[in-house]
Amino acid sequence: MARITAGIGSSHVPAIGAAFDHGKTQDPYWKPVFEGYEWVKEFQRKEDPDVVILCYNDHASALMLDVVPTFALGCAEEFAPADEGWGARPVPMVMGDPVLAGHLAEQLVIDNFDLTLMNHLDVDHGLTVPLSLMFGKVEQWPVRVIPLAINVTQFPTPSAERCWQLGAAIADAVQSYPAGLNVQIWGTGGMSHQLQGPRAGLINPEFDNAFLDKLSNQTDDLRKISRLEFLRESGSEGIELIMWLIMRAALGDKVEELHRFYHVPASNTAVGHIVLRPVR
Amino acid sequence: MRTRLYSLEELDDIPGTTVFTAMRSRQAYHLHKFCMSLMEAGNRDKFRLDERAYLDGFRMSDEQKQAVLDRDFNQLIELGGNIYFLVKLSNTDGWSAQRAVGSMTDMTPDEYAAMMRAGGRPIKGNRSIRGKN
């Protein structure tokens with residue numbers, strides 16, 4: 001049967017992608033950011049996952065104009081990097097896993113999560129920047145990816161608790177998949193940041209570090225954070241952190257923290273990164 | 001009546017912040033359609049050639065068109081816009097996201113960049129209009 005072997009949290013700042021694509025990873029501004037991801041690249045070489053269920057949000061690239069799905073699951077064979085206004089990122093095509101995606105779609109809807117299923121989906125920096133950070137510059141991504149796009153842009157987003165419940169259902173759905181796959185789940189976005197209005201540039205390291213601290217074994221506190229509290233404390237875009245809770249819930253009750261990184265700033269954003277291993 | 005954790009009016013109590021709602025999403029639909037059209041290189045060229053003529057191809061309000069021409073991001077947000085759509089415009093201009101975002105504050109691009117390097121805007125004093133904290 002398939003197993004979820006690790007959960008990874010990471011910011012997905014577009015400027016990180018731009019720095020990566022334009023060879024600026026050694027610039028003094030960017031160097032500390034990329035150094036924070038050296039550990040995980042080595043980890044990934046050893047882990048060699050087959051599939052990543054990648055929780056991210058679409059930044060008005062494929063969704064959010066005509067359709068605003070709360071949870072959208074990518075079921076296609078492949079997903080093309082989107083052109084976000086300056087040409088598509090020069091990264092490989094993202095290959096999907098329609099069979100596992102179909103299984104997840106069935107199981108999760110049966111478990112009362114009314115997903116939107118995407119048979120075509122272009123993916124933006126929200127999905128491709130984490131791939132670059134975890135695998136570096138590659139000719140082909142070494143994993144298949146099932147995108148799970150969450151609405152974190154238009155209020156009301158799903159609640160922290162709802163995201164948690166979805167993650168728990170994903171854990172069961174993966175476990176009931178017959179093929180022996182090594183599956184990871186990633187929660188991306190955050191940490192604190194605000195990209196609009198006179199309060200733009202907000203960063204709240206106390207909130208972020210408390211979130212990272214509690215992610216291992218005080219998750220009840222995180223599940224209770226309201227949308228209002230996220231917006232107030234972590235900035236209007238910091239609410240992306242609800243996607244980390246899908247990842248965390250999919251790992252089960254107990255986890256071991258293998259790696260953590262926190263850095264301010266990357267462009268407008270506090271960068272957070274964590275690697276967790278389920279303990280059974 | 002169902003109970004709620006808080007009144008939705010609380011969302012208006014966050015300083016310098018506009019929460020993007022379904023109503024705003026509809027108000028900005030044609031503005032956002034314009035923004036997403038800039039995801040194609042050919043459209044970016046047409047827009048650069050004659051911004052006003054290009055904008056006239058969309059059912060946006062005159063106010064929205066003017067705010068695009070002025071690159072007034074605060075005004076675009078006031079008129080329903082959301083930053084994830086609006087950065088298609090600033091990306092077309094070759095602006096960094098930091099420049100676009102910083103333009104909504106009362107700082108110059110250099111001052112904003114310096115604030116971010118120094119750790120960003122602090123949360124203290126920026127949580128609540130009513131609570132002044």
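**Close-up 1. I146(A) and its contacts.** Leaving aside neighbours within four places in sequence, I146(A) is in contact with V51(A), I53(A), L54(A), L73(A), G74(A), G96(A), D97(A), L100(A), A101(A) and L104(A). Two residues are in contact if their C-beta atoms, placed from the backbone, lie within 7 Å. This is a predicted model: local features need pLDDT of at least 70, side-chain atom pairs count only at pLDDT 80 or more, and totals for chains, interfaces and linings use all residues. Residues are numbered from 1 along each chain as its sequence is written, and chains are lettered from A and ligands numbered from 1 in the order in which they are written.

**Close-up 2. The largest nonpolar core.** This core has 119 residues. L54(A), I146(A) and M243(A) have the most contacts inside it. Helix α6 (residues 160–175) of chain A gives the most to this core, namely 8 residues. A nonpolar core is a set of buried Ala, Val, Leu, Ile, Met, Phe, Trp, Tyr and Cys residues joined through C-beta atoms within 7 Å. A residue is buried if 20 or more other C-beta atoms lie within 10 Å of its own, exposed if 12 or fewer, and partly exposed in between; the C-beta atoms are placed from the backbone. Helices (H or I, at least four residues) and strands (E, at least two) are DSSP runs, numbered from the N terminus.

**Close-up 3. T188(A) in strand β8.** Strand β8 (residues 182–188) of chain A holds T188(A). T188(A) counts as buried because it has 27 C-beta neighbours inside 10 Å. Beyond its neighbours within four places in sequence, T188(A) is in contact with S10(A), H12(A), C55(A), Y56(A), G126(A), P130(A) and M243(A). G272(A) is 84 residues from T188(A) along the chain, and their C-alpha atoms are separated by 9.3 Å.

**Close-up 4. Where chain A touches chain B.** Here 36 residues of chain A are in contact with 49 residues of chain B. On the chain A side, the elements giving two or more residues are α1 (14–21), α9 (227–234) and β9 (255–266). The most come from α9(A), with 4 residues. The chain A side divides into 18 nonpolar, 13 polar and 5 charged residues. Ala, Val, Leu, Ile, Met, Phe, Trp, Tyr, Cys and Pro count as nonpolar, Asp, Glu, Lys and Arg as charged, and the others, Gly among them, as polar.

**Close-up 5. Chain B.** Chain B has 9 helices and 0 strands. Its C-alpha trace spans about 50 × 45 × 20 Å along its principal axes. Of the 133 residues in chain B, 37% are buried.
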